[in-house]
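Okay, everyone, thanks for coming.

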Amino acid sequence: MNLTPYYTQQHGKAYLGDSLELIKFIADNSINLILTSPPFALTRKKAYGNETEEKYIEWFLPFAYEFKRVLAENGSLVLDLGGAYLPGNPVRSIYQYELLVRLCKEVGFFLAQEFYHYNPARLPTPAEWVTIRRIRVKDSVNVVWWLSKTPHPKADNRKVLKPYSQSMQKLLKNGYTAKIRPSGHDISDKFQKDNQGAIPPNLLELANTESNSAYFRGCKEAGIKPHPARFPKGFAEFFIKFLTDEGDTVLDAFAGSNTTGFVAETLQRQWISFELNEHYVKGSIYRFSQE
């Protein structure tokens with residue numbers, strides 16, 4: 001196998017090829033974060049390639065064992081997984097949950113926390129159930145499994161604080177009376193401390209409306225079709241900041257348009273990306289073009 005990178009940047013390398021073969025050349029315990037969105041188990045085939053629900057878990061497990069091998073002891077695996085309806089019926093596949101159980105019970109990962117990636121700009125699909133028969137609401141959330149090799153992976157939520165709400169800013173300015181809430185919670189005067197931001201929830205609201213970036217412009221000029229299932233830069237930024245330090249190494253084994261590599265580059269992390277489709281690798285170069 002050719003281990004020559006398809007392209008390199010200051011902090012990382014992008015490889016073209018089968019990630020299950022490429023990952024075998026990565027040393028044990030050398031990756032701090034695997035952040036990836038593998039092809040989903042959808043009920044119809046997509047251009048980027050995806051397995052059926054029936055075959056999906058058995059297809060994914062060999063990757064999972066390799067992921068666990070290369071992860072550092074305090075490293076994390078973050079999987080962004082979209083959902084699907086069963087063919088011809090308004091009921092959902094449970095493949096993400098079946099996969100989670102196998103990853104924990106069989107491969108030996110721990111579920112550090114579940115996240116939900118909410119895209120408010122997602123279209124109302126599937127049309128049959130949502131806009132025609134009107135018996136379901138639109139599906140706007142992906143589940144995200146944050147998995148780890150040990151119960152104590154590296155993480156620091158102080159790196160991903162959100163700006164305080166106006167009401168919290170007012171409270172910090174004017175103060176409040178410490179007392180027990182009707183719920184029984186004891187709201188002490190410690191809540192008046194300014195921690196430079198609010199701890200974020202495990203619901204990540206990130207619209208995926210990229211349309212005029214250097215990536216899109218570069219693909220258009222080169223006659224390359226952009227990857228149809230990109231996750232937003234804010235998604236990668238959240239987990240890279242939360243779960244790694246500068247100089248750590250981030251791997252995306254299903255890189256697509258290489259959002260993970262681009263964000264890791266901007267955040268001074270080392271990165272490695274694998275992608276099977278040459279059109280997607282070629283297009284991803286334009287993410288690193290200067291605006």
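A quick note on names: helices (H or I, at least four residues) and strands (E, at least two) are DSSP runs, numbered from the N terminus. This is a predicted model, where local features need pLDDT of at least 70, side-chain atom pairs count only at pLDDT 80 or more, and totals for chains, interfaces and linings use all residues. Residues are numbered from 1 along each chain as its sequence is written, and side-chain values use heavy atoms, with hydrogens and water left out.

Back to helix 8 itself, residues 259–266. Is it enclosed or open? Seven of its eight residues are buried, so the helix is largely enclosed by the rest of the structure. Buried here means under 20% relative accessible area, exposed is over 50%, and partly exposed is in between, using a 1.4 Å probe and protein chains only. Among those buried residues are Phe262, Val263 and Glu265. And what covers them? The cover includes strand 2, strand 3, helix 7, strand 10 and strand 11. 

Nine strands form an open sheet, in the order 1-2-11-10-3-4-6-5-9, with mixed pairing. Strand 1 (7–8) and strand 9 (203–205) stand at the edges with a single partner strand each, so one side of each has no neighbour in the sheet. For pairing, the rule is that DSSP finds at least two bridges between two strands. As a reminder, strands of a sheet pair through backbone hydrogen bonds, either parallel or antiparallel.

Strand 1 and strand 2 make a hairpin with three residues between them, and they pair in the antiparallel sense over two bridges. Thr8 has Lys13 in strand 2 as its bridge partner. Lys13 also stands opposite Ile272 in strand 11. Strand 2 and strand 11 are paired in the parallel sense, over five bridges.

Leu203 is partly exposed, with a relative accessible area of 43%. Together, Tyr116, Val141 and Leu203 make a nonpolar surface patch of about 220 Å².

What lies across the sheet strands on the helix 7 side of the story? Helix 7 (residues 233–243) lies across strands 3, 4, 5, 6, 9 and 10, running at about 160° to strand 3. That angle is between N-to-C directions on a scale from 0 to 180 degrees, with axes fitted to C-alpha atoms, for helices over the stretch in contact.

In the loop between helix 7 and strand 10 sits Asp248. Asp248 is buried, at a relative accessible area of 11%. Which residues does Asp248 touch? Leaving out residues up to four places away in sequence, they are Asn32, Lys154, Arg269 and Gln270. Contact means heavy atoms within 4.5 Å.

Last, the overall numbers. The protein has nine helices and eleven strands, and buried residues make up 44% of its 291 residues. Of the contacts with a separation of 6 or more, 72% are between residues 24 or more positions apart.

Notes:
Patches are made of residues with over 30% relative accessible area and no salt bridge: like charges are joined within 9 Å, nonpolar side chains (Val, Leu, Ile, Met, Phe, Trp, Tyr) within 5 Å. Accessible areas come from the Shrake-Rupley method with a 1.4 Å probe; for residues, only the protein chains shown count as cover. A salt bridge is a side-chain nitrogen of Lys or Arg within 4 Å of a carboxyl oxygen of Asp or Glu.
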